[in-house]
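Visitor: I am new to this structure and would like to learn how to read it. Please show it to me, and then we can go through some features.

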Amino acid sequence: MKITIASGKGGTGKTTISTNLSSYLAIGADVVLADLDVEEPNSKLFIEGDLVFEKACDKRVPRWIKEECTLCGKCEEVCRFNAVIKVGDEILIFPELCHSCYACSELCPTGSLPMIPQKIGELKHFKTENLDFVEGRLDIGEEQAVPLISQVIEYVDEKFSQDTIKLFDAPPGTSCPVIEASRGSDFVILVTEPTPFGLNDLKLAVETMRVLCQKFGVVINRHGIGDNSIEEYCNAEGIPIIAKIPNDRRVAELYSKGELIYPKIQEFETALKQIAEFVGGIK
Amino acid sequence: MKEIVIISGKGGTGKTSFAASFAYLEKENAVIADCDVDAANMHLLLDADFRYQEDFYSGEVAVIDEENCVNCGDCKEVCRFDAIHVTDDQHRVDPISCEGCWYCSRVCPVEAIDMKTQKVGDFYLSMTKAGSEMVHAKLGFAAENSGKLVAKVKNEAKKLTLANKKEFLIVDGSPGVGCPVISSLSGADLALLVTEATVSGLHDLKRVYRLVKSFNIKSACIINKYDLNADVTKEIEAFLEEENIILVAKVAYDETFSKALSQAKTIIEYGDSNLKTEIEKSWQHIKNITKELK
Amino acid sequence: MKIVFTAKGESWDSPMDPRFGRTDIFVVYNEENDSLSFISNADTETMEHGAGLQAAKKVLELSPDILITGNGPGNKALEILKRSKVTMYVGAGDMTVKEAYNAFLAGKLAKFESRV
């Protein structure tokens, strides 16, 4: 079972829900949580565990072999991403801009640009008492999140059995990284809050899920703080509302310290139970 | 003209609520630019009228001309993004996976692959309920915010500010630490960092400040929800002092933010509150800071 | 001496463009023969990424002694610019080209070395 937790906008409580839900589910099942918000991975702040595995993640970028090069300029001409630039009698490579399309390398008439691995970030695997946690962290300045996200997903798929519940904490927004994080999942939980901002961003996220033909449902966080427009929208669109988490200042306080919420707040635990039951019924 | 860019690194800190309130206070004397195009929300609070629209194009996708395609499979072979599949004996491009690298179109022996620019969103000019002009954009499905789009929004906003001799350009900046936020900071007189007293708020503040610092832009900070966690607030204050960032205000956890939001009102319109007074003072403080800049 | 400015127009009275990579125009002043010329940088407008690199390449080809701009180029553009002998000055983003030139002569602009 693979579940992605996403949200149209940042700050809706996506990380709070994924860290708490994974810990809660881990009481009675094998669970792994993967933080795919590789540009701003924050889940680790809420999870204490021992590092059991780490590795550098690569993408392939060209390397210039000066001796073979005739400075014909074909590489610069075919690169759509400004990652290969001919300056005087040098070919400069800007790995952060490279999309690893291989065009420069394979279209080079003299084979002067072999593709070599270049580090873009790290994958870390932690173990707590009953939960596995995997995190991808993109190096600062690196712009390609997707290759790292797919490597983290791959690691999780290989390492854990079919019976393990796999939770993926997606990056915010509706762009390529979110799509990468949602595509292979059995179900996507969209976390939103009951305000006009929340609704505006939820609509974008719903549109994305529909184009991907992805099954999804909504969790309303901070319920009671705003209006009913999210519920009205979901009802009109036939989108299941999985749980409503009541607004509570104590949640914000626990979050601010990086603590888990459900062991201390009953209503929060009830909401997690509803999510767990809903998810359990999907299969 | 002074350009103030409001950024936060992480979502949910109240950045847009502050930006909209400042815009409301400054009325027609400011031009507003919403560069948070991933989650463009400012128009909701300022009741933008979308009076001018323009299509925004960015990136390209491969399109196979099925009449001329000989289905040799060269394109599929070179594609590193698994974007070309054969369905019903015809090679077809999955536009979501296509990176727009042009490799397939370059190797196609019969030149049956065209690269088409895609409409990825809409660009708008609006009048707000505060009487100010606003420049904003909306991205469509799977579109990625880019330095290019942010640059367009900011450029148009700056032109308007200069042409109409307005005093302030208020920019709601992009999230994260990537190309869009760099583009939104470019040319700013003051970067206003809105953070919150949470461990992740502090974490992301430090990350985004590294960027601001590299641009040598004068910085100020508002700590929102400061009373949630006294220890983190202290840590943030120490960080601000160390980096010589002006602390504009510490604002208490306040549900007025969401309540005002639910009525599509800025804090200023929502009625008298401590928060309103706090925001009015903050804006005055920010204006004073900009006066002292060269 | 050859001086390049990032600007929004083609003349001495044009406002400077504080941006490097996405500047509208590079204005080129040749002190030797007191001539002012310009080259467009409009092609970078359509680039999502790497605009600074193409702009830096243009500057390199102009081979000026001095570059005067607003914020200063980013790290990737610097990688290219350091292959030229150009000295960079920043902080002229709010001026006109003429004012920026005068400020440079008066030693009022900060020299730009590199980013943190």
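**Reading helices and their surroundings**

Guide: Leaving aside residues up to four places away in sequence, D201(A) touches G8(A), K9(A), A39(B) and N41(B), where contact means heavy atoms within 4.5 Å. This is a predicted model in which local features need pLDDT of at least 70 and side-chain atom pairs count only at pLDDT 80 or more, while totals for chains, interfaces and linings use all residues. Residues are numbered from 1 along each chain as written, chains are lettered from A and ligands numbered from 1 in written order, and side-chain values use heavy atoms, without hydrogens and water.

Visitor: Is D201(A) buried or exposed?

Guide: D201(A) has a relative accessible area of 2%, so it is buried (under 20% relative accessible area; exposed is over 50%, partly exposed in between, with a 1.4 Å probe and protein chains only).

Visitor: Which helix holds D201(A)?

Guide: D201(A) is in helix α6 of chain A, residues 196–211. Helices here are DSSP runs of H or I with at least four residues, strands are runs of E with at least two, and both are numbered from the N terminus. Other buried residues of α6(A) include F197(A), L202(A) and M209(A). After α6(A) comes C213(A), with a positive phi near 55°.

Visitor: How many residues does α6(A) have, and what should they span?

Guide: The expected span is 1.5 Å times one less than the number of residues. The 16 residues of α6(A) should span 22 Å, and the end C-alpha atoms are 23 Å apart, which agrees.

Visitor: What covers the buried residues of α7(B)?

Guide: The buried residues of α7(B) include L202(B), L205(B) and Y209(B). Among the elements covering them are α8 (249–256) of chain A and, from chain B, β1 (2–7) and β9 (190–196). Just after α7(B), N216(B) has a positive phi of about 60°.

Visitor: At what angle do α1(B) and α10(B) pack?

Guide: Two packed helices are described by the angle between their axes and the distance between the axes. Helix α1 (residues 15–26) and helix α10 (residues 274–292) of chain B pack at about 75°, with axes 10 Å apart. Axes are lines fitted to C-alpha atoms, for helices over the stretch in contact, and angles run from 0 to 180 degrees between N-to-C directions. That makes α1(B) roughly perpendicular to α10(B) (65 to 115 degrees; under 35 is roughly parallel, over 145 roughly antiparallel, the rest oblique). The contact includes F18(B) and F22(B) of α1(B) and W283(B) of α10(B).
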